[in-house]
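Here is my note on the model you asked me to look over. Please read it with the sequence and the coordinates open beside you.

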Amino acid sequence: MQKIRAYVEEQFADLPETEQVATLKEEIKDSMEEKAADFMLDGKAEEDAINKAIVDFGNLAEIKKEFQLQQEPRQKSDKPKKQKEDMSTLNLGFSICGSVLIIALLVFVNMYYTPHEIWFVFPTFAILWWPVSMAFVWMKARRRKVMHR
């Protein structure tokens with residue numbers, strides 16, 4: 001029956017070792033071992049009985065696939081919320097860096113081409129709305145995170 005245990009362990013090697021996976025593996029091993037014992041009672045040799053039990057049990061990939069589909073909705077429900085919070089911080093950082101670069105470009109163009117007119121101030125006010133709006137989203141996500149603790 002060692003061959004059945006090794007086969008099942010090999011088939012489930014890519015799944016994380018959770019309590020549910022361990023329970024599922026034990027159930028499959030027990031079922032295969034019972035089936036192999038039944039075949040041996042019918043007169044088959046141990047090696048043949050084990051091979052026939054593995055073949056008769058069916059494809060474990062389908063069982064794994066169904067098991068993974070059952071597990072994914074739980075994992076996905078936590079991911080988007082965390083990812084959205086992480087994105088708000090990242091968006092705020094990018095908006096600050098982008099605004100500084102654009103304003104620096106405007107100052108350079110203003111000073112290089114028209115040093116006697118200061119026009120870069122007007123588009124600078126419009127550009128500053130970008131990090132302000134991202135700061136609002138970041139603070140909203142941060143407050144939501146604090147409330148969930």
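The points below go from the overall fold to the core, the salt bridges and the aromatic residues.

1. Basis of the note. This is a predicted model, in which local features need pLDDT of at least 70 and side-chain atom pairs count only at pLDDT 80 or more, while totals for chains, interfaces and linings use all residues. Residues are numbered from 1 along each chain as its sequence is written, and side-chain values use heavy atoms, with hydrogens and water left out.

2. Overall fold. The secondary structure comes to 6 helices and 0 strands, and from the N terminus on the elements run α-α-α-α-α-α; helices (H or I, at least four residues) and strands (E, at least two) are DSSP runs, numbered from the N terminus. Buried residues make up 24% of the 149 residues, where buried means under 20% relative accessible area, exposed over 50%, and partly exposed in between, with a 1.4 Å probe and protein chains only. The protein exposes about 11,100 Å², and carbon and sulfur atoms supply 62% of that area; accessible areas come from the Shrake-Rupley method with a 1.4 Å probe, and for residues only the protein chains shown count as cover. Among contacts (heavy atoms within 4.5 Å) between residues at least 6 apart in sequence, 63% join residues at least 24 apart.

3. The nonpolar core. The largest nonpolar core has 16 residues, of which Ile-4, Val-8, Phe-12, Ile-28 and Met-32 touch the most other members; such a core is a set of buried Ala, Val, Leu, Ile, Met, Phe, Trp, Tyr and Cys residues joined through side-chain atoms within 4.5 Å. Helix H1 (2-11), helix H2 (19-41), helix H3 (46-57) and H4 each supply at least two residues of this core, and H2 gives the most, with 6 residues. Leaving aside neighbours within four places in sequence, Ile-4 is in contact with Lys-29, Met-32, Glu-33, Ala-36, Ile-50 and Ile-54. Asn-51, in helix H3, is partly exposed, with a relative accessible area of 29%, and its C-alpha lies 9.8 Å from that of Met-32, a residue 19 places away in sequence.

4. Glu-47 counts as partly exposed at 45% relative accessibility, as does Lys-3 at 36%.

5. Salt bridges around Glu-9. Which lysines does Glu-9 meet in a salt bridge? Lys-25 meets Glu-9 at 3.0 Å, N to O; because Lys-25 lies in helix H2 and Glu-9 in helix H1, the pair ties together parts that are 16 residues apart in sequence. Lys-29 meets Glu-9 at 2.6 Å, N to O, and this pair likewise links H2 with H1, across 20 residues. Lys-25 is buried, with a relative accessible area of 4%, and Lys-29 is buried at 4%, whereas Glu-9 is partly exposed at 33%. Not counting residues up to four places away in sequence, Lys-29 touches Ile-4, Arg-5, Val-8 and Glu-9. Salt bridges that share partners join Arg-5, Glu-9, Glu-17, Lys-25, Glu-26, Lys-29 and Glu-33 into one network.

6. The structure holds 2 aromatic pairs; rings of Phe, Tyr and Trp (its six-membered ring) pair if their centres lie within 6.5 Å, with planes under 30 degrees apart counted as stacked, over 60 as edge-to-face and the rest as tilted. The rings of Phe-108 and Tyr-112 have their centres 5.6 Å apart and their planes at 20°, so this pair is stacked. Both residues lie in helix H4 (residues 60-113), 4 residues apart, which is about one turn of the helix. Tyr-112 and Tyr-113 form an edge-to-face pair, at 4.9 Å centre to centre and 85° between the planes, and Phe-108, Tyr-112 and Tyr-113 form one aromatic cluster.

7. Tyr-112 counts as exposed at 55% relative accessibility, and Tyr-113 counts as exposed at 60%. Leu-105, Phe-108, Tyr-112 and Tyr-113 form a nonpolar patch on the surface, with about 530 Å² of accessible area together. Patches are made of residues with over 30% relative accessible area and no salt bridge, like charges being joined within 9 Å and nonpolar side chains (Val, Leu, Ile, Met, Phe, Trp, Tyr) within 5 Å.

Key:
A salt bridge is a side-chain nitrogen of Lys or Arg within 4 Å of a carboxyl oxygen of Asp or Glu.
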